[in-house]
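Please look at the sequence and the structure below. The report that follows describes how two chains meet, and then turns to one of them.

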Amino acid sequence: MRHLISPLDLSVEELDYILCLGQEILKFPENFSHICEGKKLATLFYEPSTRTRLSFEAAMLNLGGKVLGFSSADSSSAAKGESVADTIRVISSYADICAMRHPKEGAPTVASMYSEIPVINAGDGGHNHPTQTLTDLLTIKTLMGRLDNITIGMCGDLKFGRTVHSLINAMVRYSNVRFVLISPQELKIPDYLRKEVLEQKNIEYIETNQLEQNMPNLDILYMTRVQRERFFNEEDYIRLKDSFLLDANKMKYAKKDMYVLHPLPRVNEISTEVDSDPRAVYFKQAKYGVYVRMALIMTLLGLDSEKLFFR
Amino acid sequence: MLNIGVLNEGIVIDHIQAGGAMKIYKYLNLENLDCSVAIIKNARSNKMGKKDIIKIEGPFDIDLNVLGVLDHKITINIIKNNEIVEKKDLSLPERVTNIIRCKNPRCITSIEQELPHTFKLTDRKNHIYRCIYCESKFRGK
Ligand SMILES: [Zn+2]
C-alpha cells in the first residue's frame, strides 16, 4: 500500500503519470465520474483548512465516491486525547482512503505507520503539503506544456513558505530550470535549500529584492504572502511590503505568456486589478488542485487503468 | 578507588571530542551504573589536540551503538586482565530508536509522549540523522 507524505515520495515517472492522468481527467471528466462509486474518503482535519478540505471532498465526489470526516481538532477524538495511531486504526475500518491535516509535523507519517488504508498528507504544520505541490506542477505542466526549460520566479516569503520549498525541491528534478528568488533580505530561502539543493545540483538561481526588474525574464511567477508578523518591526514591513506586491503596472514588464501562480489564500500581495489579466491563473490553479487530487485518489486506490502503485 | 591510568577490566571510551564527555555520560546513563567511572577532560591528543576520555571499570553490558550517533570519532577499547582484548569501531546504525530524542517543538513527538523517537541515517558521509516524523536533523552538540 502506498501513501503520499512528502512530494519527494513520488519518483519523477510516478509524478508524470499522476499529472498526465490529471490532464486526462481535466479533458474528459465524465469518463471518471463513477470510478470511485462505493468508496469513501475520510478527511481528518486536526486544524481547519476549508479550502484544502473542500478540494479533497470535491475530488472524491467528482469521482462518484463519498466523504466523511472532521474539520477541526475539537470536533474529533483528539480533543479527548486519542492518539493519531489509534484514530487511524479506527478510521481504517470506516473508509477506503484518508487525507490528514495536522498542526504537528510528522503526524501523517505516524498515521501511515498504523494505517490499513492509504494516507494522504494534507499539510502537517510548516513541513509538507504534497498535494499543493502536485497542484502547482499540474498547473505549470498544463499551461506551459512542460516542466523543463523554465525560468520560475518566486516572490514573497521564501523563508517560511513551505509551498515554495516543496516546489523548488520538485522542480530541480527537471532539466534546465532556473530560479529567480525575490524576497526581502529577512525572508530569503533557508540555507539548507541553497546549499543542499540548489548548489549541490548546480541549479542556476539568483536572489534579489527586485520584482519589477526581473519580470521580463520570467516564464512563471509564483507569488506568496508576506506576513506582517515575520518582520521585526512595523517600519521594515511598511517599507518593504510594496516591493513584493504585484499590480497591473508591474505586469506590464512581464512576458505576454508568463503565468502568475499563488497557492491562495491571497491577502493583498496581488492587487485585484491583476485578476482580469489572462496571465493570472491562481483561480484556475485551485481548479487544477481538484483534478490532481482526483488522479491521486484513483492511483492510491488502484483504480487507474495501469495500476501504477499495484504493479 | 579507580586507578585512572590502569584498568584491570572495563571499557575505555577514547577520542571523545573535547567537552563531549558529560553528554556521553548522560546518554549512557552512567550515573545509574554502580561502578567506578573516570572522566578525563581535555587530555592531550596527537590526533585531535584535545580530547575527552571515559573509563568505566568492571564487567557490564551497555549498548554502545548510541556513541556512533553522538560522535563518530570515538574509539572503544575493551579491557580484560590489564590488556586491550578488543578495539571496537563504531558503525553508524541505519536507524536508532529511543536513544536520541527529537527536540523540534513542532514535531508530533512533542505532543504524543508514547511515540518511539526514531531517527534514520540520511547522509552517511556527513553523519546526519533525521527524525522519521518531522525530518529535523539531530544535533549532537
Ligand atoms: Zn521530530
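The contact, meaning heavy atoms within 4.5 Å, takes 14 residues from chain A and 16 residues from chain B. This is a predicted model, in which local features need pLDDT of at least 70 and side-chain atom pairs count only at pLDDT 80 or more, while totals for chains, interfaces and linings use all residues. Residues are numbered from 1 along each chain as its sequence is written, chains are lettered from A and ligands numbered from 1 in the order in which they are written, and side-chain values use heavy atoms, with hydrogens and water left out.

Chain A and chain B bury about 1100 Å² between them, 52% of it on carbon and sulfur atoms, where buried area is the accessible area (1.4 Å probe) that two parts lose on being put together, summed over both. Of the area that chain A buries against chain B, 46% comes from A:Lys104, A:Glu105 and A:Val110, more than from any other three residues.

Between the chains there are 3 salt bridges, each a side-chain nitrogen of Lys or Arg within 4 Å of a carboxyl oxygen of Asp or Glu. One salt bridge joins the side chains of B:Arg106 and A:Glu105, at 2.9 Å from N to O.

Some overall values for chain B follow.

| Property of chain B | Value |
|---|---|
| Box filled by the C-alpha atoms, along the principal axes | roughly 45 × 35 × 25 Å |
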